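Reader: I would like to go through this model term by term. Please set each value against its definition.

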Amino acid sequence: MATQSKTQKPAEKKPSAASKPRKLTTQTNELLGNDLQSLKASVVNHLEFSLGKDEFSATKLDKLKAVARATRDRMIERWLATQRTYHQKDVKRVYYLSLEFLIGRTLGNALLNLGIHEEVNQVCKDLGLSLAELEEVEVDAGLGNGGLGRLAACFLDSMATLELPAYGYGIRYEYGIFYQKILDGQQVEMPDNWLRNGNPWEFEHPEDLYPVHFYGSVETIENGATKYKWVDTEEVVAMAYDMLVPGYKNNTVNNLRLWSAKSSRDFLFDEFNAGDYEKAVAHKNNSEVISKVLYPNDTRYTGKELRLKQQYFFVCATIQDAIRRYLHDHQKDNFKTFTQKVAFQLNDTHPSIAIAELMRVLMDDYHLAWEEAWDITVGSFAYTNHTVLPEALEKWPVSLLEHVLPRHMMIIYEINRRFLEFIKANYPNDVYRLRRMSIIEEGQEKMVRMSNLSIVGSRKVNGVAALHTRILKNEVFRDFYELWPEKFNNKTNGITYRRFLIHANPDLTGLINRTIGTDWEFDLAKLAALGKAAKDEKFQKEWLKTKYEAKAKFAGYIKEKFGFDADPDSLFDFQVKRLHEYKRQLLNALHVITFYNRIKKNPKGNFVPRTVFFGGKAAPGYFMAKLIIKLINSISEVVNKDPDVAGRLKVFYLPNYSVSLMEKLLPASELSEQISTAGMEASGTGNMKFALNGALTIGTLDGANVEIMEEVGKSNIFIFGHTDAEIAEIKKTGYNPMSYYQSNSELRAVIDSIAHGTFSPSQPDQFMPVVSALLYEGDRFFVMADYEDYIRCQDEVSKTYTNRKKWAEMSIRNVAQVGKFSSDRTIREYAEDIWQVKPTRVVLK
């Protein structure tokens with residue numbers, strides 16, 4: 001295209017008023033109104049013009065979508081203003097990379113944060129709708145599984161509330177991990193097709209497409225300096241979808257950007273015409289399977305390969321997106337200010353291949369030298385570790401990486417070579433240290449230790465609770481801490497109390513607000529003022545009344561939903577979380593059997609009635625976890641039908657545990673089971689949510705339980721079991737679980753009842769693998785060792801529950817003292833200590 005000389009000025013032709021284009025801008029004189037009339041008009045207009053329905057033809061789903069779109073409209077204005085502000089102020093931005101975002105339902109949270117929940121509720125009434133019923137129509141977004149994904153979702157909420165320039169990045173899974181059904185007491189996995197009815201909250205961006213490559217080979221190019229080129233690859237395309245994340249009652253709206261895999265060759269027409277219909281669409285199907293399912297079963301090679309491709313797929317697209325955004329304002333500085341404008345946070349090791357990818361892009365695409373690219377990479381990344389379990393520290397076979405990502409494996413080898421040279425210089429002749437710290441694990445099959453890569457390639461490394469961070473420093477990553485103590489820090493997890501108290505428990509929120517005002521809604525630490533009312537008898541009665549009403553409401557819900565009969569006069573005891581042996585749902589089940597045996601032994605005895613609720617999903621390939629689910633349901637079958645225990649003990653397994661179910665059960669909770677083996681739970685956030693809603697914790701000194709005890713006081717929590725140090729000592733001296741079985745008659749009776757088929761009469765040996773794991777295979781999670789003290793502690797719980805004044809005071813003090821566990825506090829610490837990013841105020845014009 002010909003260009004114009006700088007000295008020549010083209011003749012300007014003034015357009016007529018008729019031909020003058022209208023300026024496209026959101027900076028209008030006024031925003032969409034939040035008054036009842038404006039909101040009502042938005043809902044009605046969307047129902048008619050966006051969905052093509054009227055009051056007679058609209059279904060509940062249509063009405064939900066209309067309300068959702070009206071809500072989204074009000075976020076769009078703020079979102080566009082937010083992005084303009086970030087661009088105009090040239091701010092440093094955070095890119096939060098996570099394979100999971102367990103966001104739950106969006107409508108209620110969006111209305112709360114926008115400050116229009118009451119208005120929309122009234123609009124729905126005026127239109128003959130029920131907002132509560134519409135919220136029930138919305139499905140949970142299938143983008144996560146456990147605490148890792150829920151934490152990421154809480155963090156997004158806090159980033160927007162604190163007005164931080166930040167984005168979440170992940171995968172738009174077509175199917176969530178799975179929908180859990182309980183059939184004949186066993187977990188059955190069903191497809192979680194959460195997108196089947198569309199997603200009214202997302203924006204599709206077909207213009208934001210990025211190529212992602214796999215397989216192929218690497219060419220060496222000698223042209224003065226050695227360069228490498230990744231060739232003969234298979235290409236898929238990442239397409240962006242944005243979901244908006246509003247801050248709490250401010251103008252900031254950030255976004256979660258999710259990538260969907262698309263084929264670069266949708267349809268081979270020649271193959272189709274030749275009659276090979278499968279081949280005509282094979283490339284499309286093979287490409288798009290990448291974003292099909294969260295966590296494909298990786299017990300087979302094909303599952304491992306798909307999971308690796310998922311991880312690379314989303315970080316590759318994310319880095320391209322971040323660089324595009326950076327170069328928009330900094331095209332001429334050759335990445336000199338990249339670390340001043342970009343911060344990548346790795347949420348565990350799933351996105352850690354991003355370190356090798358940024359190196360590849362900087363060297364191969366932008367021709368930076370290794371040293372410069374490495375300084376930029378390390379300066380850009382930070383890594384959050386979420387586990388101390390050796391089997392959970394992610395490793396990939398070298399052979400798999402060489403096959404799927406050959407250029408990245410070359411880069412990882414070179415990172416490791418240079419790192420080991422550095423170690424040799426600092427620790428001469430320490431070959432064992434070299435082996436422990438190497439990114440490549442030698443063995444029968446060479447493996448890439450992704451946690452080691454994450455530490456070497458990041459500027460900061462953090463744990464998620466004080467105890468967890470101490471274990472990382474002193475045990476798991478001790479060598480790295482000795483080398484780089486300045487890299488390591490703690491960031492105790494937190495939760496978004498707006499969703500899990502203000503939205504989930506409006507009645508308790510109302511009681512709190514009538515007592516201490518509403519300032520705490522913006523600063524959870526101000527809940528401490530509630531402590532002054534903890535001994536007030538009148539307030540205690542109101543507190544217990546509110547809790548009882550919540551229990552009755554939840555009992556009604558599960559009766560209608562699952563057919564469960566729960567007595568609100570009993571103690572409501574909850575353990576709802578991902579099924580894993582270290583979380584010790586099995587220990588809870590042993591207590592249930594103990595309680596059952598006591599009642600059977602003394603049917604006329606005086607027992608504190610209790611209803612025990614379990615809930616959570618087990619990984620599809622996790623045999624023992626699924627067997628424990630079956631055991632719990634078998635115990636439930638026996639206990640709930642036994643007339644001897646009627647009115648004193650019931651057990652229920654809540655199917656398909658989710659964020660929305662958590663929101664329903666929290667107000668009804670009275671006892672929170674946080675009973676993991678000490679030293680094995682990184683943090684936990686369910687413990688925080690329950691305490692925030694007035695449930696008392698029974699737990700070990702593990703994860704964030706330690707800090708909860710420090711905040712609420714030892715007299716307001718039930719602590720039992722061996723500490724992590726004591727367990728380490730038992731391991732050192734030799735652990736014999738059989739000795740506990742032989743010396744404790746109640747424990748022996750419990751184990752024998754499982755072994756002899758009391759809970760599986762048609763198949764007496766069904767649960768022998770559980771018995772064998774406890775007695776003959778080492779009891780890896782110290783269930784036997786902690787049983788006696790756990791039963792003692794449960795007896796203390798029952799005794800305390802009968803003292804209603806004391807229980808009320810303990811419950812109130814738990815709520816008053818959990819201010820530390822706001823995700824706002826956590827994110828503020830990340831922003832100040834790790835990302836060096838500051839709040840950016842968004843002003844609407």
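Reader: Which residues lie nearest the centre of the second largest pocket, and how many line it?

Author: The second largest pocket has 35 lining residues, and Glu135, His503, Ala504, Pro506 and Lys553 lie nearest its centre. This is a predicted model, in which local features need pLDDT of at least 70, side-chain atom pairs count only at pLDDT 80 or more, and totals for chains, interfaces and linings use all residues. Residues are numbered from 1 along each chain as its sequence is written, and side-chain values use heavy atoms, with hydrogens and water left out.

Reader: What makes a space a pocket and not a cavity?

Author: Both are found on a 1 Å grid over the protein atoms alone. A cavity is a set of points where a 1.4 Å probe fits but cannot get out. A pocket is an open set with protein on both sides within 12 Å along at least five of seven lines. Lining residues have an atom within 4 Å of a point. The volume of the second largest pocket is about 1200 Å³, where a volume is the space filled by probe spheres set on the points, and grid points are joined across faces, edges and corners.

Reader: Which element gives the largest share of that pocket's lining?

Author: Helix 21, with six residues. Helices (H or I, at least four residues) and strands (E, at least two) are DSSP runs, numbered from the N terminus. Among the elements that give two or more residues to the lining of the second largest pocket are helix 3 (107-114), helix 20 (506-516) and helix 21 (537-562).

Reader: How do the lining residues of the second largest pocket divide by class?

Author: There are 13 nonpolar, eight polar and 14 charged residues. Ala, Val, Leu, Ile, Met, Phe, Trp, Tyr, Cys and Pro count as nonpolar, Asp, Glu, Lys and Arg as charged, and the others, Gly among them, as polar.

Reader: How many cavities of 30 Å³ or more are there?

Author: Four. The largest cavity holds about 230 Å³ of space. It is lined by 17 residues, and Ile103, Asn109, Leu244, Val245 and Arg499 are the closest to its centre. Helix 3, helix 6 (147-161) and strand 8 each supply at least two residues of that lining.

Reader: Which element gives the largest share of the lining of the second largest cavity?

Author: Helix 9, with five residues. The second largest cavity has a volume of about 70 Å³. Its lining has five nonpolar, one polar and five charged residues.

Reader: Why are strand 5 and strand 16 said to stand at the edges?

Author: Two strands pair if DSSP finds at least two bridges between them. The open sheet has nine strands in the order 5-8-9-2-1-10-11-15-16, with mixed pairing. Strand 5 (202-214) and strand 16 (488-490) each have a single partner strand, so one side of each is left without a neighbour in the sheet.

Reader: How many bridges join strand 8 and strand 9, and in which sense do they pair?

Author: Strand 8 (residues 234-246) and strand 9 (residues 253-263) pair over eleven bridges, in the antiparallel sense. Met239 stands opposite Ser260 in strand 9.

Reader: How many bridges join strand 13 to strand 14?

Author: Two, and the strands run antiparallel. At least two are required, so they pair. Ile440 stands opposite Val448 in strand 14.

Reader: Why is the pair of Tyr210 and Trp259 called edge-to-face?

Author: Rings of Phe, Tyr and Trp (its six-membered ring) pair if their centres lie within 6.5 Å; planes under 30 degrees apart count as stacked, over 60 as edge-to-face and the rest as tilted. The centres of Tyr210 and Trp259 are 5.6 Å apart and the planes are at 75 degrees, so the pair is edge-to-face. Tyr210 is in strand 5 and Trp259 in strand 9, 49 residues apart. The structure holds 45 aromatic pairs.
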